[in-house]
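Thanks for coming. Please have the sequence and the structure open, and I will walk through how a few parts sit against each other.

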Amino acid sequence: MAKLGSSELPLRVAVVGAGPAGFYAAELLLRNDIECEVDLFEALPCPYGLVRHGVAPDHPKMRTVINRFDKTGDEENFSYFGNTRLGTDISVDTLREYYDAILISTGSQKPRRLGIPGEELEGSYSAEQFINWYNAHPALELKDFDLSCETAVVVGNGNVALDIARILAHTPEELAKTDMATPIIEKLAASNIKTVYIAGRRGPVQASFTSPEIREFDQLENTAFHINADAMALDAEDQEELEFKDHNHARKFMPVFEGYDGQPSDAKHHIKFRFLRSPVSIEGDGKVEQITLQTNRLSGPAGSRKAKSIGETETISCGLVFSCIGYRGRSIEGIPFDEQWGGIPNVEGRVTVDGKVHTGLYTSGWIKRGPSGVIGTNKVDSKETILKIVEDVETLNVAPNRSSDALREQLVSEGKRPIDFADWKKIDDAEVARAKGDKPREKFLTVEEMLAVLD
Ligand SMILES: Cc1cc2nc3c(=O)[nH]c(=O)nc-3n(C[C@H](O)[C@H](O)[C@H](O)COP(=O)(O)OP(=O)(O)OC[C@H]3O[C@@H](n4cnc5c(N)ncnc54)[C@H](O)[C@@H]3O)c2cc1C
């Protein structure tokens with residue numbers, strides 16, 4: 001029998017999840033010394049994961065990586081199964097029949113909860129719900145937001161919290177140049193929100209913001225910035241922490257924060273940082289009316305400073321609360337999953353069960369390492385996994401059925417509607433064609449609208 005990975009018997013890999021990790025993995029497999037056929041499975045008709053549905057619409061440069069992913073989409077030994085969710089449209093057992101190796105790169109889309117009373121009130125949402133809405137995720141759980149209140153509170157101190165605050169403070173004219181869908185721009189234009197609080201349990205030095213995102217706030221029109229004075233009084237440990245190599249962002253954005261003192265009080269929008277504050281409860285009669293934050297002090301050595309309550313609280317009247325405290329992965333039937341940290345157990349990309357390697361099963365991206373790093377981090381991460389697949393090639397079980405066309409036919413006969421990359425490009429072209437003015441595209445809002453382009 002021919003060797004797996006030779007031109008007579010190419011290695012067939014199913015990559016599941018068409019975000020950055022999935023696309024980088026596909027690209028690296030196709031560029032490898034061994035002969036590969038790669039099929040990329042994606043739950044939605046549209047590929048690119050968080051590059052399309054996470055990255056803020058006012059960050060168009062971040063989306064240019066799509067051009068690179070599209071080159072992979074055009075490769076000969078590559079095929080795309082959009083609109084095909086592993087676990088519902090196709091099972092792991094079926095993938096095993098058709099592929100010698102399976103690589104899971106389904107990301108971490110499940111929001112972490114605050115776990116405080118009142119979190120379930122109307123008006124209290126996860127960052128993911130709001131971001132999916134403003135980025136026109138076509139399989140939305142929550143299709144509308146009431147933006148009639150004057151104050152929103154974002155809980156979390158990472159760039160995602162900044163994205164939300166920025167989107168709420170932008171003028172409709174600024175948004176009109178982005179790929180944000182027109183009905184969403186109209187909704188934001190009618191918003192009454194004037195003040196956005198960004199609350200974090202520790203201080204500015206410990207925040208995970210990056211400095212370009214903080215500096216970018218300067219470009220918001222008619223917006224004033226404020227910071228609680230107690231947070232700016234750094235102690236010796238904070239000063240020591242600022243010197244750490246990995247705190248170069250904090251070193252750069254601290255002077256920006258210092259400039260927030262004395263900003264105009266008559267600005268149209270206000271962004272107010274409340275550091276050293278943790279939410280303890282959200283209150284309201286059926287919907288959010290206020291949030292109570294406890295005041296913290298930091299203790300412990302530089303590098304591992306912990307927030308501890310000083311026994312005081314403050315209450316902010318608000319109509320919206322967005323929790324922005326991280327993500328977890330979602331489990332998929334037939335794939336090992338660690339409920340505790342919310343990802344797939346693995347050693348350098350080889351999936352493990354009770355510490356033992358699960359032959360032919362691999363992982364990359366956020367579902368492998370947790371929700372950290374930028375788009376490019378997933379390239380390094382996928383490379384580690386692909387090296388393992390190449391190392392393992394001789395030990396893999398050869399799948400009995402080696403035709404992607406046969407799988408596509410099987411799915412169609414089961415009533416599924418897998419779409420290929422040419423289909424996706426038709427949807428993509430249709431979005432671009434219906435855009436008006438300076439908009440690069442007018443996104444479809446639902447899966448049905450996307451599929452209707454193909455009918
Ligand atoms: C709000 C937000 C903003 C961000 N902004 C930036 C930024 O400006 N710059 C930057 O560099 N990084 C940014 N990031 C980080 C970056 O988006 C991530 O590093 C990256 O997207 C992670 O890649 P991934 O492929 O692991 O996951 P994802 O991008 O989430 O892709 C996973 C894919 O798997 C699919 N999928 C899930 N389940 C299944 C299933 N069962 N079957 C088939 N398919 C499935 C999903 O639909 C998705 O397309 C941002 C992240 C977030 C959350």
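A crossing is called left-handed if the near helix is turned anticlockwise from the far one by less than a right angle, and right-handed if it is turned clockwise. Helices (H or I, at least four residues) and strands (E, at least two) are DSSP runs, numbered from the N terminus. With that, helix 1 passes helix 14 in a right-handed crossing.

Two notes on the source. This is a predicted model, where local features need pLDDT of at least 70, side-chain atom pairs count only at pLDDT 80 or more, and totals for chains, interfaces and linings use all residues. Residues are numbered from 1 along each chain as its sequence is written.

Back to the helices. The axes of helix 1 and helix 14 (residues 377–392) come within 8 Å and cross at roughly 50°. Axes are lines fitted to C-alpha atoms, for helices over the stretch in contact, and angles run from 0 to 180 degrees between N-to-C directions. Angles under 35 degrees count as roughly parallel, over 145 as roughly antiparallel, 65 to 115 as roughly perpendicular and the rest as oblique. Helix 1 and helix 14 are therefore oblique to each other. On the helix 1 side the contact includes P20, A21 and Y24, and on the helix 14 side N378 and K379 are among the residues involved. Contact here means C-beta atoms, placed from the backbone, within 7 Å.

Helix 1 has another partner. It packs with helix 3 (residues 65–73) at an angle of about 45°, the axes being 9 Å apart, and the crossing of helix 1 and helix 3 is left-handed. From helix 1, P20, F23, A26, E27 and L30 meet V65, F69 and T72 of helix 3.

Finally, the domains. The chain is divided into domain 1 (11–109 + 328–452) and domain 2 (113–325), with bounds from an automatic or database domain assignment. The C-alpha centres of domain 1 and domain 2 lie 32 Å apart. In domain 1, 22 residues are in contact with 21 residues of domain 2.

Technical notes:
Contact = placed C-beta atoms within 7 Å.
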